[in-house]
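Student: I've got a new chain to look at, and I'd like to go through it with you. Can we take it step by step?

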Amino acid sequence: MSIIYMLLAISVIVAVVFFAAFVLSVKNGQYDDTYTPSVRMLFDDELVKDKKPATKKPATPNTNNHNPKLN
């Protein structure tokens with residue numbers, strides 16, 4: 001029965017060591033995203049929607065029909 005207590009203590013110590021290593025790696029920037037900022041600049045030209053309401057144009061007949069079959 002004493003071996004279970006010893007194995008339990010060892011497993012807790014190993015877990016604490018791995019948790020400390022994880023916290024240190026996060027603080028040192030091991031998991032920082034270095035790829036996304038370089039790609040984000042490629043998508044900066046997205047269209048910005050105009051917040052002004054569109055003015056309604058008066059209806060005019062379509063005189064710019066360039067289809068020769070219809071003329």
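Predicted model: local features only at pLDDT ≥ 70, side-chain atom pairs only at ≥ 80, totals over all residues.

Student: Is serine 38 buried, exposed or partly exposed?

Tutor: Serine 38 sits in helix H2, residues 36-40; helices (H or I, at least four residues) and strands (E, at least two) are DSSP runs, numbered from the N terminus. Its relative accessibility is 39%, so serine 38 counts as partly exposed.

Student: Which backbone oxygen does the side chain of serine 38 reach?

Tutor: The distance to look for is 2.6 Å. The backbone oxygen reached by the side chain of serine 38 belongs to tyrosine 35.

Student: And serine 25, buried or exposed?

Tutor: Serine 25 is part of helix H1. Leaving out residues up to four places away in sequence, serine 25 touches Gln30 and Tyr31, where contact means heavy atoms within 4.5 Å. The relative accessible area of serine 25 is 17%, so this residue is buried.

Student: How many of the chain's residues count as buried, as a percentage?

Tutor: The chain has 71 residues. Of these, the share that counts as buried is 1%.

Student: Why is the pair of phenylalanine 22 and tyrosine 31 called tilted?

Tutor: A pair of aromatic rings is described by the distance of the centres and the angle of the planes. Rings of Phe, Tyr and Trp (its six-membered ring) pair if their centres lie within 6.5 Å; planes under 30 degrees apart count as stacked, over 60 as edge-to-face and the rest as tilted. The structure holds one aromatic pair. The ring centres of phenylalanine 22 and tyrosine 31 are 5.9 Å apart, and the pair is tilted because the planes are at 45 degrees.

Student: Is tyrosine 31 buried or exposed?

Tutor: Phenylalanine 22 is partly exposed at a relative accessible area of 43%. For tyrosine 31 the relative accessibility is 56%, so tyrosine 31 counts as exposed.

Terms used. Residues numbered from 1 in each chain as written. Heavy atoms only, no water. Buried < 20%, exposed > 50% of the residue type's maximum accessible area, 1.4 Å probe, protein only. Polar contact = N/O pair within 3.5 Å; in protein donor to acceptor, adjacent residues only side chain to side chain.
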